[in-house]
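Hi there,

Have a look at it first, then read on.

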Amino acid sequence: MMRKVLQKLGKADETKDEQFEQCVQNFNKQLTEGTRLQKDLRTYLASVKAMHEASKKLNECLQEVYEPDWPGRDEANKIAENNDLLWMDYHQKLVDQALLTMDTYLGQFPDIKSRIAKRGRKLVDYDSARHHYESLQTAKKKDEAKIAKAEEELIKAQKVFEEMNVDLQEELPSLWNSRVGFYVNTFQSIAGLEENFHKEMSKLNQNLNDVLVGLEKQHGSNTFTVKAQPSDNAPAKGNKSPSPPDGSPAATPEIRVNHEPEPAGGATPGATLPKSPSQPAEASEVAGGTQPAAGAQEPGETAASEAASSSLPAVVVETFPATVNGTVEGGSGAGRLDLPPGFMFKVQAQHDYTATDTDELQLKAGDVVLVIPFQNPEEQDEGWLMGVKESDWNQHKELEKCRGVFPENFTERVP
């Protein structure tokens with residue numbers, strides 16, 4: 001009431017509403033939080049999809065090495081099928097019960113944001129009409145016709161503004177309060193789905209462990225040893241990160257093939273195999289530049305170890321080309337000047353990725369992306385890279401139009 005009196009007296013230059021301004025601040029905060037949650041949820045879903053692919057390939061590897069006459073082959077194949085179905089079901093339920101709900105929640109913000117901006121413009125019209133009316137009233141020579149017209153325009157502008165203002169005054173606080181229930185429902189859904197997924201995955205892992213125990217019993221010879229470790233109490237060779245609680249996929253029995261040679265006294269001819277250069281112990285020996293003396297090796301092991309060590313330089317040499325000021329040094333890209341500024345390395349999409357925002361790249365399996373740094377490193381989210389598709393860069397040579405972010409786990413580096 002006091003504000004209206006001041007307006008009529010011409011003492012207030014513009015209409016202010018501190019309560020509404022606070023509602024707008026809350027709205028912007030809520031929009032920022034929701035947008036971040038949506039992006040993080042999409043990153044989580046991309047990671048679930050990548051884990052699904054990795055798990056599928058791991059099971060395919062097991063099926064390939066599992067010989068036809070070994071016991072439990074059919075059971076192992078069935079476990080692999082159920083593992084694949086479980087990952088697919090988990091991903092789909094996350095999309096249905098979390099991501100789609102998230103999209104619906106954020107879908108109401110653009111319209112309200114547009115109406116807030118429109119209210120601001122109508123407020124300017126209202127204040128302008130009011131000032132015009134007041135100036136005609138205080139003029140030395142009053143023109144009643146002009147004053148009547150100005151008053152009519154003022155009433156019209158005030159009505160339009162107040163209709164929009166009343167609606168927003170009711171909707172914004174309600175939207176702000178709705179965030180609590182939305183966050184609760186979203187994270188409860190995710191937690192429930194993840195809990196059920198790990199329970200079912202734990203059963204599959206236990207079944208696989210039982211199959212491998214049966215295999216070990218029937219083929220328990222010196223030729224090979226398959227040992228399952230269902231608990232974290234047994235010590236493991238090399239570095240091992242802490243295992244998560246029981247029930248998670250990483251806490252399932254570890255399948256380990258022991259290629260270490262038996263002691264000389266109990267060795268069976270042809271039963272020992274040289275260790276792979278990729279094993280932690282061998283890697284540390286190469287890194288340190290040390291090699292066991294020839295006299296300390298078992299007969300028959302010298303040739304194998306020499307062959308392994310002689311093959312190491314080929315692996316070491318196969319590195320990615322270095323870049324200096326956007327120019328690839330060495331390799332097929334040496335001397336090229338047509339790479340984008342700051343070019344770091346290339347990646348190739350292993351799976352299709354559908355862009356869900358204007359700042360993201362749309363990828364098809366096989367697309368090559370030139371990775372570049374973020375303009376502002378603080379804007380880089382974990383698991384996301386900035387780049388430009390090689391085909392777009394070759395065609396346009398314009399970073400502003402072509403660059404975008406994409407999930408790193410959908411791609412692999414290429415030389």
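Helices H2 and H3 are roughly antiparallel to each other. Please bear in mind that this is a predicted model. The two helices, H2 and H3 (residues 73-106), pack at an angle of about 170°, and their axes are 10 Å apart. Sorted by class, the contact of H2 with H3 has 18 nonpolar, 11 polar and 6 charged residues.

A few words on H2 itself. Its 48 residues, at 1.5 Å a residue, should span 70 Å, and the end C-alpha atoms of H2 are 71 Å apart, which agrees. At the start of H2, Asp17 has a side-chain oxygen that comes within 3.2 Å of the backbone nitrogen of Gln19.

The axes of H2 (residues 18-65) and H4 (residues 109-137) come within 12 Å and cross at roughly 150°, which makes H2 roughly antiparallel to H4. The crossing of H2 past H4 is left-handed. On the H2 side, the contact is made by Phe20, Val24, Phe27, Gln30 and Leu31; on the H4 side, by Phe109, Ile112, Lys113, Ile116 and Arg119. By class, that contact of H2 with H4 has 7 nonpolar, 1 polar and 2 charged residues.

Finally, H4 packs with H5. The axes of H4 and H5 (residues 144-218) come within 8 Å and cross at roughly 150°, so H4 is roughly antiparallel to H5. The crossing of H4 and H5 is left-handed. In the contact of H4 with H5 there are 18 nonpolar, 4 polar and 11 charged residues.

Best wishes

Definitions and conventions:
Residues are numbered from 1 along each chain as its sequence is written. This is a predicted model: local features need pLDDT of at least 70, side-chain atom pairs count only at pLDDT 80 or more; totals for chains, interfaces and linings use all residues. Side-chain values use heavy atoms; hydrogens and water are left out. Axes are lines fitted to C-alpha atoms, for helices over the stretch in contact, and angles run from 0 to 180 degrees between N-to-C directions. Helices (H or I, at least four residues) and strands (E, at least two) are DSSP runs, numbered from the N terminus. Angles under 35 degrees count as roughly parallel, over 145 as roughly antiparallel, 65 to 115 as roughly perpendicular and the rest as oblique. A crossing is left-handed if the near helix is turned anticlockwise from the far one by less than a right angle, and right-handed if clockwise. Contact means heavy atoms within 4.5 Å. Ala, Val, Leu, Ile, Met, Phe, Trp, Tyr, Cys and Pro count as nonpolar, Asp, Glu, Lys and Arg as charged, and the others, Gly among them, as polar. The expected span of a helix is 1.5 Å times one less than its number of residues. A polar contact is a pair of N or O atoms within 3.5 Å; within protein, one must be able to donate a hydrogen and the other to accept it, and residues adjacent in sequence count only if both atoms are side-chain atoms.
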